[in-house]
Amino acid sequence: MVVNRKIPLRKCVATGEMLPKKSMIRVVRSKEGEVTVDITGKKSGRGAYVSKTEQAVEIARKKNILDRQLDAKVPDEVYEELLTLIRRESIL
């Protein structure tokens, strides 16, 4: 008997697309207000998902979407880390 597992979907804050959770990157704001990239998807705090595309990251940066979603100022280092992760994964 074949069991079809439900694939969890998440909405990209930049593009509005519903995609599988594994094809997204989570950005999280901790209780202290620190914003970081959550590669595991399990850190505690308020999270927002971004598609694994450079275009989605650039849209989020230009429109300050992550700032509004997380109620915190997102430093440029977070956007650079997102772009680095996306580029590294595209090489592999």
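Helices (H or I, at least four residues) and strands (E, at least two) are DSSP runs, numbered from the N terminus. The structure is a predicted model, in which local features need pLDDT of at least 70 and side-chain atom pairs count only at pLDDT 80 or more, while totals for chains, interfaces and linings use all residues. Residues are numbered from 1 along each chain as its sequence is written, and side-chain values use heavy atoms, with hydrogens and water left out.

Over residues 10-82 the chain is 30% helix and 29% strand, with the end C-alpha atoms 17 Å apart. The UniProt record, an unreviewed entry, annotates residues 10-82 as "domain: YlxR"; such annotations may be inferred rather than shown by experiment, and their positions are given here in the numbering of the model.

Leaving aside residues up to four places away in sequence, Leu-82 is in contact (heavy atoms within 4.5 Å) with Ile-25, Val-27, Val-37, Val-57 and Leu-66.

The axes of H1 and H3 (lines fitted to C-alpha atoms over the stretch in contact, with angles from 0 to 180 degrees between N-to-C directions) come within 10 Å and cross at roughly 170 degrees. H1 is therefore roughly antiparallel to H3, a term for angles over 145 degrees. On the H1 side, Glu-54, Val-57, Glu-58, Ala-60 and Arg-61 take part, and they meet Asp-76, Tyr-79, Glu-80, Leu-82, Leu-83, Ile-86 and Arg-87 of H3. The residues of this contact divide into six nonpolar, no polar and six charged; here Ala, Val, Leu, Ile, Met, Phe, Trp, Tyr, Cys and Pro count as nonpolar, Asp, Glu, Lys and Arg as charged, and the others, Gly among them, as polar.

Positive phi values occur at two residues other than glycine, Asn-64 and Asp-71. Asn-64, in the loop between H1 and H2, has a phi of about 55 degrees. At 38% relative accessibility, Asn-64 is partly exposed. Asp-71 lies in the loop between H2 and H3, and its phi is near 55 degrees. Asp-71 is exposed, at 66% relative accessible area. Buried denotes under 20% relative accessible area, exposed over 50%, and partly exposed the range in between (1.4 Å probe, protein chains only).

Methods:
Parallel < 35°, antiparallel > 145°, perpendicular 65-115°, else oblique.
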